[in-house]
Amino acid sequence: MSDDIREYLDDIDRMGLLHRIKRSVSVQYEIAALTAQTKKALLFENIDGHDDCRLVTNIVGDRQMFAAALGVGKTQIHHRMISSIGATAPPDVGGSGHFMENTYKSIDTLPIVTHFEKESGPFITSSIVFASNPETGRQNSSVHRMMPIDGRHLSIRMVEGRHLHRCYMNAKEHGEDLRVAIAVGVHPAILIAGAYQAEWGAEEMGIANVIAGGTLRMSPLEWSGLHVPEKTEIVMQGRILQDVMHEEWMVEMLQTYDYKREQPVFEVESLHTRDSPIYHDILSGYAEHRLLMGMPVESKINGALQDTVATSASLSNGGCNWLHAIVGIKKKSERDAPEIIEKTFSAHRSLKYVIVVDDDIDINDAEAVEYALATRFQADRDIIIKQNVRGSSLDPSSDQENLKTAKMGIDATRPLDKRPEGFELARIPNIKNIRLSEYIR
């Protein structure tokens, strides 16, 4: 399996999942508007003011492309993710990166997109930030959004307490700026691994290497002392300044505006690119953003539910692939559904809503799940309510200052004390082989 975004784009092009846009487009809203209208990947080959760059969006805009990025079929996504997380292997380090073909001192050459009318500015939305873990010396990698302030400075969004923020705070406590390297334009398997919330001290690129079949190779960077995937399109090196902050606000994965925050500032030391680099843009709050964030967590939930009565779990599209989970089970006792609800909440603390259904219900079909609610659920006995518990900072209806919310679990499974025939879904024999299209002229 390749670890090069260019080869991946050729692959999904052959699958009919990529549109090549040759018409001239603007980074000011136009690219965002076109991306919002499709779940296929878009490769823009003619960008106003950026003749030397191409730009791609939606490279994992649906589950089929997400599976292609992992080198498996759609039904094997979670098995691939869980096995890769459980068997990490450090990638090789050495050689000169492909991104060293061009070197600049500012970000002015990059086609950074302005997405939404009320955001504080344009944002780089696909950047993987590499930093040294101060306790282990290993590299941490995580995905962050960055807003240009001028040609050499960008604000960088960090969630307090997450790993990059811990590295930054450690450097600040020692009176130092944090040296980092930033990669934009990588094979989506690398981005998926970077988006995974691994344990403190773990190297996410070890996960990426397993996904890539052990082929991932990292290139060392002399100035920062860090290493990045050698086939990265665009690499920045620089410092997250210890004592400089800048106000910004952005659209989050719920497609709502976050509140204004003072964020640290990254100062560019150098920018490196491949010839005719491919800049990757992610449209916040839309399919690619939600799947990149949600699918690794969905795999984590499925892993936590292994060896239980659960058959599969899915973070629903209506819940922004983050806040709502649907879980199918093979129910054996009336205790099963409440226990699965608790385990699911424990696996992902941002969840606010869990529905448990029988395994004859398609958990990815919203109509089927609503059918289970209509026929197998009683509101006075099948609801679990949790009050004033830890929730997601993204949910605008919650207490965002204290990260407190209310949560609900619903048991929409067949009651075992009622006749099973009353819940059996009626089937028409051989329906898949009898096609109306063959009878109509």
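Predicted model: local features only at pLDDT ≥ 70, side-chain atom pairs only at ≥ 80, totals over all residues.
Helix α1 spans residues 5-14, and its buried residues are Ile5, Tyr8, Leu9 and Ile12. These residues lie on the same side of α1, because they cover an arc of only 100 degrees around the helix axis. The elements against which the buried residues of α1 pack include both strands and helices: β1 (18-21), β2 (41-44), β3 (54-57) and β14 (278-281), together with α3 (63-70) and α6 (188-195). At the N-terminal end, α1 is capped by Asp4, a side-chain oxygen of which lies 2.9 Å from the backbone nitrogen of Arg6. Gly16 follows the helix and has a positive phi, near 75 degrees.

Two further helices, α4 and α8, are in contact with each other. The geometry of two packed helices is described by the angle between their axes and the distance between the axes. For α4 (residues 77-86) and α8 (residues 287-304), the axes come within 9 Å and cross at roughly 80 degrees. Helix α4 is therefore roughly perpendicular to α8, as angles of 65 to 115 degrees are assigned to that class. On the α4 side, the contact is made by Ile77, His78, Met81 and Ile82. The contribution of α8 consists of Met295, Pro296, Glu298, Ser299, Asn302 and Gly303. Classified by residue type, the contact comprises 5 nonpolar, 4 polar and 1 charged residues.

The loop between β18 (383-390) and β19 (404-412) contains Ser393, and Leu403 is placed in the loop between these two strands as well. Ser393 has a relative accessibility of 31% and therefore counts as partly exposed, since this class lies between the limits of 20% for buried and 50% for exposed residues. When residues up to four places away in sequence are not counted, Ser393 touches Gln400 and Leu403. The C-alpha atoms of Ser393 and Asp258 are separated by 9.3 Å, although the two residues are 135 residues apart along the chain. Leu403, one of the residues touched by Ser393, has a phi near 55 degrees, a positive value in a residue other than glycine.

A positive phi, near 55 degrees, is also found at Asn321, likewise a residue other than glycine. Asn321 is located in the loop between β15 (310-315) and β16 (324-329). With a relative accessible area of 5%, Asn321 is buried, because residues under 20% are assigned to that class.

Methods:
Residues numbered from 1 in each chain as written. Heavy atoms only, no water. Axes fitted to C-alpha atoms, helices over the stretch in contact; angles between N-to-C directions. Helix = DSSP H or I, 4+ residues; strand = E, 2+ residues; numbered from the N terminus. Parallel < 35°, antiparallel > 145°, perpendicular 65-115°, else oblique. Contact = heavy atoms within 4.5 Å. Nonpolar A, V, L, I, M, F, W, Y, C, P; charged D, E, K, R; others polar. Buried < 20%, exposed > 50% of the residue type's maximum accessible area, 1.4 Å probe, protein only. Arc of directions from axis to C-beta. Polar contact = N/O pair within 3.5 Å; in protein donor to acceptor, adjacent residues only side chain to side chain.
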